[in-house]
Amino acid sequence: MLTRSIYVLVISLLILSHVARAQSEIVIDHLFGETIISESPKRVVSLGYSDQDNLLALGIIPIAIRDWYGNQPYAVWPWAQSALGSAKPVLLNASLINFEQIAALEPDLIIAASAGLTPVEYEKLSLIAPTIASPPDVPPFSIPWDVKHRHISEAFGLKKLAEQQIQDIVVKFKNISRTHTEFQGKTAAVAFYYNREPGVYASTDIRSEFLSNLGFIIPASFDEYSAGSFYFTFSEERMDLIDVDLVIWLATESEISAAITPRFYALLPFHRFGREFFTGDIIGGAFSFFSPLSIHFLLDNLVPSVSEIILKSCASDELQSCYNE
Amino acid sequence: MIEASVAKHWHYTVVIMLITILAIIASLSLGSFPVSASAIFNYWFDGGNGVDSATMTVLSEFRVPRTFAAMFSGMLFGVSGLMLQTLTRNPLADPSLIGISQGAALAVVLLSVAAPNVVADFRAEAALVGALAVTVVIMSLSGKDTAMRFLLIGIGLTAFVSAITASLLAYGHIYAAESALTWLAGSLHTTTHEDVFILGSAFLIIAIATAINWRSIVPIQLGKDVAIGLGLSTGFQSVYLLSCAVMSAAIATAIVGPFGFVGLIAPHIARRFSPPSSVNQLFITMLSGGALVVIADSFGRLIFAPTQIAAGLNIALIGAPTFAYLLLKKSN
């Protein structure tokens, strides 16, 4: 009886240790092949343009962050500041990768999911530490936000947490869409000025999808004019193209006032009837990052303002039907 | 009298050799990652005994390729500039004047916009083809003789090519354009051992090819009639030297990106410090070109470390004052 118990115990221990060993080694598939992470990473470098948001959402504080843009303290924007806490990561240059600087930091892991690495850059980084590039089978510069979050979470064995966070957002979208019936059926556009030309995003862009998930409709003409791309630009004369129920400008009010010819601007219906929302730099940044943390920020900050605009338009006689029956 | 001047020239040669060696040592020793002098010594002479693996990686994968790619590409640009200035009898000739940089840039940008998935693998080949294609067009348009016509057509065509490139960057898909722009600024920081091997071999071949034919340089510099009078087949010689000039600059551009200025300045440094049309002048041109790019690269990554300034910009920053200094010295 005793020997049998010992036998069972030994077998169980052997199985457990084997399972434990297998679990402690993680294999990640990415665009340039496979990376094996054999021990829990402590010193993580965030080399993707917006990877720090995903890491901070998962509770991982990177030792260095690539400072994409925006002059934010430690390259962490307001929606992720509380996750960063009092940590002071080193800032990495936005354009040129300084391999020596990264090597000097002695990292255990380099996350470069949204870095758009070239094969040579990946090879050089792999010599310094295990490197995770963008997910396989996805264009490196337009990774869907949920795919990116799951991909990064795999490196830390936190896939369950990532899945939970993604589901929370999906549910939140549904709830907002259900509550704000005034959004249903309204047309919307996410517009910008680029190279002194106005432009708007097609329905396939994440910013447009954000709006359509809330119940808005992106005009089909946008996709026609974009012809496969995710945006298109047009001459100022054709501002009628964006005469929709809600125009979200990715700029400040003063920037747009300065960009559009004043006399013309005064005549445009969406301006006259106050159907514009100006994101400014911070909300604009939240759109650019589009991470689990920034999406919450968008939903909490953008929705009330947009709702106010739609309801005010309804109050005037401009929009024909405000509430879907 | 003659002995004194020859001796003086040998002094200059030694000094420039020393400067070049010091530049290489500095480039290997300095950077964002701390590397000791003993580590470098061990790396070269002891196979890396007693050097920890992180330092070995930094030295062998980052510092050494970068330094020697800079050195060899600088030498190639310098030689190219010297031959062009000799052939066109114009001291302001530079590889970028005959479309090499622009042709390479156009090819890379075109590939980035048209086939963004494969651009990373074929960038160097595209740059080489583009550089040669534009040069061939310029050569065929300008006919066989006049150097002035060659330069003028070069200036016109390069402007045209640059305009096409700018349009592609403006209207192409934004991410493709961005990756092309990074290459245009110079890509010394991502050079590999393979790149160094290609550059080194190219340099060796060009150096030998140029040196063995050097005796024909003097007559060409004196003008076509004198050259014919001395019994030289100028057509063949010109084409030969021009091909060497074009190939050396095209290969260097393909690997490290378009660098202006090196081909312009290095020959002038050599002219100041060596007898004209001597092999010595060729030698000093090579060393000056190499040292210039190595110093510019080191400067770019140290001055605002850890922020790196692209090498192409630095060469202009360092080269312009150097050029001015040379011109001022000459007029005294």
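**Salt bridges and their surroundings**

Author: A:Glu100, B:Arg63, B:Arg66, B:Asp297 and B:Arg301 are linked in a network of salt bridges. A salt bridge here is a side-chain nitrogen of Lys or Arg within 4 Å of a carboxyl oxygen of Asp or Glu. This is a predicted model, in which local features need pLDDT of at least 70 and side-chain atom pairs count only at pLDDT 80 or more, while totals for chains, interfaces and linings use all residues. Residues are numbered from 1 along each chain as its sequence is written, chains are lettered from A and ligands numbered from 1 in the order in which they are written, and side-chain values use heavy atoms, with hydrogens and water left out.

Reader: Is A:Glu100 buried or exposed?

Author: Buried means under 20% relative accessible area, exposed over 50%, and partly exposed in between, with a 1.4 Å probe and protein chains only. A:Glu100 is buried at 7% relative accessibility, and B:Arg301 is buried at 5%.

Reader: What does the contact between the chains take from each?

Author: Contact means heavy atoms within 4.5 Å. Chain B gives 23 residues and chain A gives 18 residues. Buried area is the accessible area (1.4 Å probe) that two parts lose on being put together, summed over both. For chain B and chain A that area is about 2100 Å², with 64% from carbon and sulfur atoms.

Reader: Which parts does the pair of A:Lys172 and A:Asp300 tie together?

Author: The side chains of A:Lys172 and A:Asp300 meet at 3.0 Å, N to O. A:Lys172 lies in helix α7 (residues 159-179) and A:Asp300 in helix α14 (residues 292-315) of chain A, so the pair ties together parts that are 128 residues apart in sequence. A:Lys172 is partly exposed at 22%, as is A:Asp300 at 46%. Another salt bridge joins A:Lys159 and A:Glu154, with the closest N and O atoms 3.6 Å apart. A:Lys159 is partly exposed at 41% relative accessibility, and A:Glu154 is partly exposed at 26%.

Reader: Which side chain of opposite charge is nearest to A:Asp53?

Author: For charge, Lys and Arg count as positive and Asp and Glu as negative, with His and the chain ends not counted. The nearest to A:Asp53 is A:Lys148, 7.1 Å away, and A:Asp53 is buried yet has no salt bridge. A:Asp53 sits in helix α2 (residues 51-57) of chain A. Leaving aside neighbours within four places in sequence, the contacts of A:Asp53 include A:Trp79, A:Phe289 and A:Ser291.

Notes: Helices (H or I, at least four residues) and strands (E, at least two) are DSSP runs, numbered from the N terminus.
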